[in-house]
Amino acid sequence: SSSSTPATASLNAEQLKERIIRHLHATLGTDINKASPQAWWRATCAAINESVFDGLRTTQREHYQQDTRAVHYFSLEYLMGRLFSNNLHNLGLYQSAKQALAELGHDIADLEDQEEDMALGNGGLGRLAACFIDSLATMNLPAVGYGIHYEHGLFQQEFQAGRQIERPDSWREYGNPWEICRPESVQEISVYGYVETVYDLQGRMKKVWHPGRIIKGVPWDIPVVGYHGSSVNVLRLWESRASDFFNWDVFNSGGYVDASRENIEAETISKVLYPNDETEAGKELRLIQQYFFCSCSLKDIIRRYKRAHGDDWSKFPEQVVIQLNDTHPAVAIPELMRILVDRADMHWDEAWGICQQVFAYTNHTLLPEALESWSVRMFEKVLPRHLEIIYEINRRFLLEQVDVRWPGDNDKKRKLSIIEEGHEPMVRMGHLSVVGSFRVNGVAEVHSKLVQSDLFPEMVALWPEKFTNVTNGVTPRRWLKACNPRLSSMLDRLIGSDWPTDLKQLSKLAAHADDPKVQDDFMAIKQQNKADLAKVIQDLTGVAVDPAAIFDIQIKRLHEYKRQHLNLLHILALYRRILQNPDYDMVPRVFIFGAKAAPGYKLAKEIIYAINKVAEKINHDKRVKDRIKVVFMPNYRVTLAEKMIPAADVSEQISTAGKEASGTGNMKLALNGAITVGTLDGANIEIAEEVGEDNIAIFGLTVDEVKALRQSGYHSRDYYHNNPEIKAILDWLETDYFTPGKPGELAAIKHSLLEGGDPYLVLADFEGYQAAQQQIDGWYRDKAGWAKKAMMNTACVGKFTSDRSIQDYVDRVWQLTPCKVD
Ligand code: 26Q
């Protein structure tokens, strides 16, 4: 890491202007007098791309000539957001572009708003993949991201009378300037059909898969520009099409309409991202999506390997490592086995040896409902040969590993088997991933411990060295430099400009944390960011909020374990205290939510509705005297996060201990000087270690206490009956106070907490939570004290750069060396 000047720094505003106008003419076919903002944006993208593609060509040439070992990141999701300002910042061209556009009469921010978010992911897991490919390019590490070129990303959210409505997301309806179609690298993959056993001339048994359907994969490349480095890697996303070859038969036999139906079915595969986060859908199309992109990607990797090494497979594990982003791409394991054994005629043991050196698996969840499994019946229908291969992997595993370790122990075999027996036998993708990988990691210290102790204890007994931890991180380029320009300039002045690639430099800020002048500057920046967000809130929700109030932000997918309803109960408690005591003394606070609910997740949608109805009531109640405002920002996404995070005073990280694998929003908010109200869960624990207990408000049950409470029998009703405030609030939700004329509309929450047994221990943690909030209120009254805490958060979270995560993967998993590119 260094402050090296970007390769393209020489490009000044004048040269950029020339490029933009040239593209306005030659690429957009318009001129400066009639160009729309959209055309200006596209012309500027094309101007930027001249630099991007330069870097892409040199990087790819260098990787090819050096025959570098590379990591191949396999992920069903990439939550990229916008690329315009990201690419400009990483190329070191942002200021020149801003000036060039200003001289052409355009505000760069207006052009940025022309871009749709690339929302090809649900939440944490997808955004992590995007941060990782940014770090990989920045650190000059040879890497390819593989995924699906969804036509429709995560749905767009609207509220109608307080309820979530989903609208399709068509991010590339009018074309995406950042992507390049690569017809020369098309692949074909097969699904369905049956397996035939044949014998070759030597009498050896062979399996021949006669596919029922052939589908074409068309790759689209998105260049990934490293920060001030010279590397430009690629994100390669596969789009499904009907295979020309296959449809020819149908067409010839007069089945024009059938052929067209098959076209539609083939194109369905990459049509839409499944919007379920942390729940397993079990849909056939989802399995086909997983297999489609894994097979295309493996064939792409093998094609590139063969170009350098021919049919000599011996170097394959030296050149290729594949990281599985959760179990979603785990079908790549039997697919590589099939290619090696059935197509390359390799012996099973040799092929399996290769697989076990190539794959590594990251676990992102312990929630039982999120652990992927597929019914054997469906698997056999879609991928009959792969099911056979999984059976053989399992047979050898149970015989050569499990039975050797625990002879005759059928209970162990049942627990460890890749196939879960029962009424409907299932393929356990987590088991398959552990067995087929050389390394398995969780995403925060506590999570990795739980993966080992609770999820795969027997696998740890068999292969202790397989298991490790890599704590998540976020890219400081997007999540500080680009999204918080005011704080970034202040940091550049105060501690130098190396921090974007060496985030531990932020610790130098701690030396200024007691300096009143620096405190004032820091809080003035926060104030300006809050004023900016207040405008956005006004525009999107019509609610006027005061930037002098505490901005308290909870942004993440909506899920019971994340406990947005705990936040809501606290808001109701404050509201009730105000109604009971008109002089109730509290620092004015704006509670800001952003969250999408999975379309089929009933209770999550009820929680959104309840927050919206409570917001409506409180925001209009004169008696509140603006001490509380509640806003639910519609259509939370990367671009909105970039506006909210720099404006946060308080970061809500309040999951039930043991449920949030890591969290990454917690890191982004702390980095931007927000103080965390949080449980000892996921990466919160490591954030607390870094910032110290004075600078974070920790509350609630620990992982061990949660386990103990469940053991001894948790009765949520006891809290209802023993805490009059809890009782009053829950009863209130059942009245028509927030839904005039419609009593009971908000009763689902109360019901889940009482009759439903409160599975996420909301009531058990309520008292601790409200005490932590009281502590925040007290802290905020001390201006200098708060400024110091906020600054200490920014100063102490250097650990959570995704560059450090990637370095951990390099050291503990990938064993890669950087490849410097000129
Ligand atoms: C499963 C089956 C069918 C369709 C979709 C899915 C599906 C999709 C997405 C299941 C899970 C996900 C996403 C999970 C996720 O985002 N997990 C989060 O990962 C982050 C990065 O490691 C962590 O910080 C979060 O704690 C974790 O919740």
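The legends below describe close-up views of a predicted model.

**View 1. Three domains and the contact between domain 1 and domain 2.** The domain assignment of the chain gives domain 1 (1-66 + 83-116), domain 2 (67-82 + 117-472 + 810-814) and domain 3 (476-696 + 760-800). The centres of domain 1 and domain 2, taken over C-alpha atoms, are separated by 34 Å, and 25 residues of domain 1 are in contact with 20 residues of domain 2. On the side of domain 1 that touches domain 2, the elements that give two or more residues are α2 (37-66) and α3 (84-91), with α2 supplying the largest share, eleven residues. By class, the residues on this side of domain 1 divide into nine nonpolar, twelve polar and four charged.

**View 2. The shell around the ligand.** The ligand is surrounded by 23 residues, of which the closest are G124, L125, Y274, A661 and S662. Helix α6 (residues 124-138) provides the largest share of this shell, three residues, and by class the shell has seven nonpolar, eleven polar and five charged residues. The ligand lies between domain 2 (67-82 + 117-472 + 810-814) and domain 3 (476-696 + 760-800), because both domains give residues to the shell around it.

View 3. Six strands form an open sheet in the order β22-β21-β20-β23-β24-β25, and their pairing is parallel. The edge strands are β22 (628-633) and β25 (697-698), each of which pairs on one side only. Helix α23 (residues 602-620) packs on the sheet and touches β21 and β22, and the direction of α23 makes about 140° with that of β22.

**View 4. Two aspartates with positive phi.** D326 has a phi near 70°, a positive value in a residue other than glycine, and its place is in the loop between β13 (320-325) and α11 (332-343). D326 is buried, with 24 other C-beta atoms within 10 Å. D758 also has a positive phi, near 50°, and is likewise a residue other than glycine; the place of D758 is in the loop between α30 (747-753) and α31 (762-781). Because D758 has 21 C-beta neighbours inside 10 Å, this residue counts as buried.

**View 5. P582 in an exposed loop position.** P582 has its place in the loop between α22 (564-580) and β21 (589-594). With 9 other C-beta atoms within 10 Å, P582 is exposed, since a residue counts as exposed if 12 or fewer such atoms lie within that distance. The C-alpha atoms of P582 and R623 are separated by 7.1 Å, although these residues are 41 residues apart along the chain.

Methods
Residues are numbered from 1 along each chain as its sequence is written. This is a predicted model: local features need pLDDT of at least 70, side-chain atom pairs count only at pLDDT 80 or more; totals for chains, interfaces and linings use all residues. A residue is near a molecule or strand if its C-beta atom, placed from the backbone, lies within 6 Å of it. Helices (H or I, at least four residues) and strands (E, at least two) are DSSP runs, numbered from the N terminus. Ala, Val, Leu, Ile, Met, Phe, Trp, Tyr, Cys and Pro count as nonpolar, Asp, Glu, Lys and Arg as charged, and the others, Gly among them, as polar. Domain bounds come from an automatic or database domain assignment. A residue is buried if 20 or more other C-beta atoms lie within 10 Å of its own, exposed if 12 or fewer, and partly exposed in between; C-beta atoms are placed from the backbone. Two strands pair if DSSP finds at least two bridges between them. Two residues are in contact if their C-beta atoms, placed from the backbone, lie within 7 Å. Axes are lines fitted to C-alpha atoms, for helices over the stretch in contact, and angles run from 0 to 180 degrees between N-to-C directions.
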